[in-house]
Amino acid sequence: MNAILDALKSWSAAHKQPVVLPTHPRLLKFIDAQQQVELAHAGLRLVPPASYVQMIALLAASRLVFTDSGGLQKEAYFVQRPCVILRPETEWVELTQGGHAIIADANTERILEAANKLLQHSFTE
């Protein structure tokens with residue numbers, strides 16, 4: 001989890017854009033109050049868990065999606081947003097084969113490389 005958070009902080013700083021992070025209760029248990037303040041100062045906006053409709057709105061308003069959720073990977077594709085996959089594999093191989101998503105796992109360097117690569121190319125079907 002620390003590698004992912006480090007990557008998100010680095011990406012936010014490099015692109016001077018906030019990263020909106022809907023927080024699952026398990027994530028909040030992992031991140032203590034001091035870390036939450038540090039993450040906020042680093043450009044990560046921790047928000048409560050989002051409903052399906054709220055999540056689609058967040059996706060549509062984003063430039064790029066970072067997720068470990070299989071469902072969110074596919075939803076990002078539907079709203080034409082590139083996706084960095086934060087796990088070692090995906091059930092949606094057509095997304096990676098089509099260049100719409102890149103598997104980066106929980107590795108800071110690979111996450112940043114994938115994000116930069118995806119932003120260099122326009123998202124097309």
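I'm counting a salt bridge when a side-chain nitrogen of Lys or Arg lies within 4 Å of a carboxyl oxygen of Asp or Glu. With that rule, my search of the whole structure turned up four salt bridges.

Before going on, a note on the source: this is a predicted model, where local features need pLDDT of at least 70, side-chain atom pairs count only at pLDDT 80 or more, and totals for chains, interfaces and linings use all residues. I number residues from 1 along each chain as its sequence is written, and side-chain values use heavy atoms, with hydrogens and water left out.

**Salt bridges**

I looked up Asp 6 and Lys 9, whose side chains meet at 3.5 Å, N to O. Both sit in helix 1, three residues apart, about one turn of the helix. (Helices are DSSP runs of H or I with at least four residues, strands are runs of E with at least two, and both are numbered from the N terminus.) For exposure I call a residue buried under 20% relative accessible area, exposed over 50%, and partly exposed in between, with a 1.4 Å probe and protein chains only. Asp 6 comes out partly exposed at 35%, and Lys 9 is also partly exposed at 28%.

Next I took Glu 94 and Lys 74, which form a salt bridge at 2.7 Å, N to O. Glu 94 is in helix 6 and Lys 74 in helix 5, so the pair ties together parts 20 residues apart in sequence. Lys 74 is buried at 16%, while Glu 94 is partly exposed at 36%.

I found three strands in an open sheet, order 3-4-5, with parallel pairing; two strands pair if DSSP finds at least two bridges between them. Strands 3 and 5 stand at the edges with a single partner strand each, so one side of each has no neighbour in the sheet. Strands 3 and 4 pair over three bridges, and Phe 66 has Val 84 in strand 4 as its bridge partner.

**Largest pocket**

I put its volume at about 950 Å³. A pocket here is an open set of points on a 1 Å grid over the protein atoms alone, where a 1.4 Å probe fits, with protein on both sides within 12 Å along at least five of seven lines; lining residues have an atom within 4 Å of a point. The volume is the space filled by probe spheres set on the points, which are joined across faces, edges and corners. Of the 30 lining residues, Val 20, Leu 21, Pro 22, Phe 66 and Leu 72 are the closest to the centre. Strand 1 gives the most to the lining, four residues.
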